[in-house]
Amino acid sequence: MATSPKNLYKLLLDTFGHQYWWPVDWKYHQRQHSDPRFEIIIGAILTQNTAWTNVEKALENLKKQNILTIPAMIHAEEKNLKTMIQPSGFFNQKAQRLKLFASYLEKKYGGDLQRFFSRDTSEIRHELLSMPGIGPETADSILLYSGDHLVFVVDAYTKRICHRFPFPVLSNSYDDIQQFFENNLSSTIPEKGRIPAYKEFHALLVELAKQYCWKKKPNCSICPLNHLCEKLL
Ligand code: SF4
């Protein structure tokens, strides 16, 4: 049975409930008077090529040493930083990326994330994509979850679900899948609710994949979408 992204969103929401992404330790930032948006940026970089559970360990280490602010990241000793983020893998590259990103924000925007995000979405996206090690998924995660900009995040889970349903996307490319979801959701979800819906939808797709669809042999027999999915395995 064919369905639309909006119906899929509704079904996932009914099945798993609100995920309230991005996972941030709000209380920590209240206590520290720090900007939680920078933790989201750090998380978006650390989660490249690894599971979120590994990122959580790295973030916990950074938190213990209060390295979740732009100045602290700039001044952190690189060797120490690598040890802290080691659980997230690729720690040499990721340490460099984090430090470069923090230094860039400091130099160009005085370390003010409000200034950085208070511009046109496409301008910020272009800038993010020009930074070393920032691809579309990381850039869009930063834009949506840290900056509250309206962009749909596509990850490997989204690609797999698109393929399995299948949705009529032009190709399996990041841009085509993003365009498909954005076009569809912009005509079916009122403007005011779109940013929260994009945040939830991405998180719900991750939840679906984690619980049923991201296994070598997907658990189709008990998947809540098996009456819709055309690629039952
Ligand atoms: S029915 Fe199977 S292939 Fe389809 S979404 Fe569920 S787990 Fe994935």
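Into which domains is the protein divided? Two: domain 1 (5-20 + 152-222) and domain 2 (34-146). Those bounds come from an automatic or database domain assignment.

Ground rules before going on. This is a predicted model, where local features need pLDDT of at least 70, side-chain atom pairs count only at pLDDT 80 or more, and totals for chains, interfaces and linings use all residues. Residues are numbered from 1 along each chain as its sequence is written, and side-chain values use heavy atoms, with hydrogens and water left out.

Taken over C-alpha atoms, the centres of domain 1 and domain 2 are separated by 25 Å. Domain 1 puts 11 residues into the contact and domain 2 puts in 7; contact means heavy atoms within 4.5 Å. The area buried between the two domains is about 730 Å². Carbon and sulfur atoms give 63% of that. Buried area here is the accessible area (1.4 Å probe) that two parts lose on being put together, summed over both. On the domain 1 side, V153, Y174 and K199 supply 61% of the area buried against domain 2, more than any other three residues.

Next, the largest pocket. Its volume is about 570 Å³. There are 26 lining residues, and T47, T50, E137, D155 and Y157 are the closest to the centre. On definitions: we use a 1 Å grid over the protein atoms alone, and a pocket is an open set of points where a 1.4 Å probe fits, with protein on both sides within 12 Å along at least five of seven lines. Lining residues have an atom within 4 Å of a point. Points are joined across faces, edges and corners, and the volume is the space filled by probe spheres set on them.

Where does the pocket sit? Both domain 1 and domain 2 give residues to its lining, so it lies between them. Helix α13 gives the largest share of the lining, 5 residues. Helices are DSSP runs (H or I, at least four residues), numbered from the N terminus. By class, the lining has 12 nonpolar, 9 polar and 5 charged residues. Ala, Val, Leu, Ile, Met, Phe, Trp, Tyr, Cys and Pro count as nonpolar, Asp, Glu, Lys and Arg as charged, and the others, Gly among them, as polar.

On to the ligand. Of the 10 residues around it, R164, C213, C220, C223 and C229 come nearest; near means a heavy atom within 4 Å. That shell divides into 7 nonpolar, 1 polar and 2 charged.

Last, backbone geometry. Most peptide bonds are trans. The bond from W21 to W22 is cis, omega near 10 degrees. W22 is in the loop between α1 (5-16) and α2 (26-32). F165 to P166 is also cis, omega near -15 degrees.

Key: Helix = DSSP H or I, 4+ residues; strand = E, 2+ residues; numbered from the N terminus.
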